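Please consider the following sequence and structure. The paragraphs below it lead from the annotated parts to a sheet and the helices beside it.

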Amino acid sequence: MAVVVFTNGAIRVDGSTIDVDRLVVVDGVVVSEGSPVPADAEVVDLEGGLLLPAFGDGHAHPLLAGRERRGPELRDATSVAEIVQRVRAWAADSDDTWLIGGSYDATIVEGGMFDALWLDEAESERPVVLHAWDYHTVWANTAALRAAGLDAETPEPALGRIVRRPDGSPLGTLVERPAIDLVLDRAPRPSVEADVEALAWATERLAAHGIAWVQEAWTELDDLPAWVSAAESARLAVDVDLALRADPVRWPAQLDDLRRAADGIAGVPGLTARTVKFFVDGILENHTAHLLDCYHDARTRGLPNWHPDQLGEAVAACDAAGFDVHLHAIGDAAVRAAIGAAEGIRESLRRGRRLTIAHAQIVDPADLPRLAELEVTFCFQPQWAVPDAVMTELTLPRLGPLRERQYRMRAARTAGAHLSFGSDWPVTSPDVLLGIRTAVTRQDEAGQPAGGWQPEERLTLDEALDAATSGVAWQAGDDAHRGALRPGMVADLVWLDRDIRREPVARIADARIRGTWRRGIRTFTASALAGATPPLSF
């Protein structure tokens with residue numbers, strides 16, 4: 001019997017219970033205060049810090065993050081020339097037949113459209129494909145376009161876009177999966193062994209940020225062998241639910257394949273596939289998010305992947321097949337369709353089925369009252385709720401002055417939605433504390449703008465902590481077992497070096513993770529020398 005006693009700090013049981021000053025864990029489960037404690041029990045001195053239920057990440061892509069690490073670091077590059085220099089050095093050191101990496105900052109070029117000829121300066125013989133930070137766009141060199149057979153005569157793919165020159169030839173920027181896959185389907189897949197190493201690295205980084213459970217929000221069936229191998233070899237530092245992607249082109253025949261795949265990993269330790277992922281639309285920055293009215297700077301309402309009726313039928317079919325549903329919805333038309341799909345399975349939601357609307361960047365005010373009767377989770381990425389370069393240079397010009405209100409966390413919560421937080425890593429950092437601080441302040445790391453961006457949508461610190469803990473557990477359907485530290489709950493724990501509830505809100509992200517436990521087993525220990533979470537590239 002493994003017994004661990006936590007003491008000498010503040011222990012937040014949940015969002016409504018008074019703190020306790022001692023917690024006892026037996027064989028990975030929280031037990032009542034009066035339970036006997038053997039003399040040889042392990043004692044963890046919290047040293048005046050704060051013990052919380054471990055954080056969850058309700059929407060992340062650890063496999064993409066791990067794969068990205070194999071390529072050059074591009075996120076901080078501030079010019080095309082700098083990217084080209086780094087890719088050239090990468091190519092010189094690599095024998096790979098295809099060079100696939102990322103991710104780059106799309107804001108460094110006006111409109112986010114990148115030319116293949118620029119990338120040819122780094123490598124002209126082998127195909128090179130770089131993901132933009134959003135993973136809805138790639139930049140390919142001429143060799144990659146040639147390998148895929150793309151030219152002026154190539155028809156536009158359904159639900160994707162080939163950005164073209166005036167003569168019709170491909171520029172080098174491909175938008176959304178159907179266009180991107182014209183190139184990437186020709187590239188060799190990473191080996192299972194390489195992906196296992198990517199997953200081990202990525203999940204260790206998640207644990208270092210106090211995370212014990214993550215929703216992998218985009219899984220292709222070809223990815224499953226690596227996930228299973230990593231789990232069976234105990235290489236995953238967090239528990240993971242895989243959201244299997246629904247493809248509108250292959251639907252509904254694909255559903256049987258998804259069900260067989262999910263059933264095939266039943267019993268794999270720390271791994272489930274309870275969820276189907278729908279990309280209802282794209283993103284605002286490349287005009288593929290689905291809006292109710294035209295973009296401010298283009299005569300289009302976006303590129304929806306699913307017609308609302310088709311989406312409703314597909315969600316109902318997933319429900320009947322025993323799946324939870326995770327819906328990427330950015331534009332207000334996409335969010336409306338997602339809410340409509342939720343209404344179609346209202347009774348199942350009341351009985352415990354989970355439906356999550358991720359991102360929910362733009363919500364039409366008329367749709368908020370519909371949430372009152374639905375047990376729907378809105379999974380926000382709180383780090384996005386600031387006027388950073390992406391917002392000011394790409395997003396707001398697309399939306400115009402009449403649609404500036406975004407990431408309406410307060411409004412959604414007031415309307416009756418459950419709230420959870422996700423990072424969308426590697427799009428943004430998996431630093432949960434940074435996300436919590438942003439949700440509470442709606443400010444960047446420099447404390448701008450004064451008073452917060454759209455401050456009426458700020459959350460309290462307790463509400464933000466709940467979104468990062470019990471809210472993610474609710475989203476996962478694990479709220480009876482995780483997300484709180486009541487007796488009988490799984491001992492997923494995170495130890496902070498200070499009680500952030502008693503710190504100025506601007507300093508929330510200054511706290512450091514001292515330790516993380518998953519099911520009572522320690523998965524992260526801060527360096528005794530640094531006493532801090534290790535530096536992390538995202």
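**Domains, sheet and helices**

An unreviewed UniProt entry places the feature "domain: Amidohydrolase" at residues 42–520; such positions are given in the numbering used here, feature names are shortened, and annotations may be inferred rather than shown by experiment. This is a predicted model, in which local features need pLDDT of at least 70, side-chain atom pairs count only at pLDDT 80 or more, and totals for chains, interfaces and linings use all residues. Residues are numbered from 1 along each chain as its sequence is written, and side-chain values use heavy atoms, leaving out hydrogens and water.

The span 42–520 is 32% helix and 20% strand, and its end C-alpha atoms lie 12 Å apart. Helices (H or I, at least four residues) and strands (E, at least two) are DSSP runs, numbered from the N terminus. The domain assignment, whose bounds come from an automatic or database source, gives domain 1 (3–54 + 488–525) and domain 2 (97–185). Their C-alpha centres lie 48 Å apart.

An open sheet is formed by eight strands with parallel pairing, in the order β6-β12-β13-β14-β15-β16-β17-β18; two strands pair if DSSP finds at least two bridges between them. Because β6 (55–60) and β18 (418–421) stand at the edges with a single partner strand each, one side of each has no neighbour in the sheet. Strand β17 (residues 376–380) pairs with β18 in the parallel sense over four bridges, and F380 stands opposite F421 in β18.
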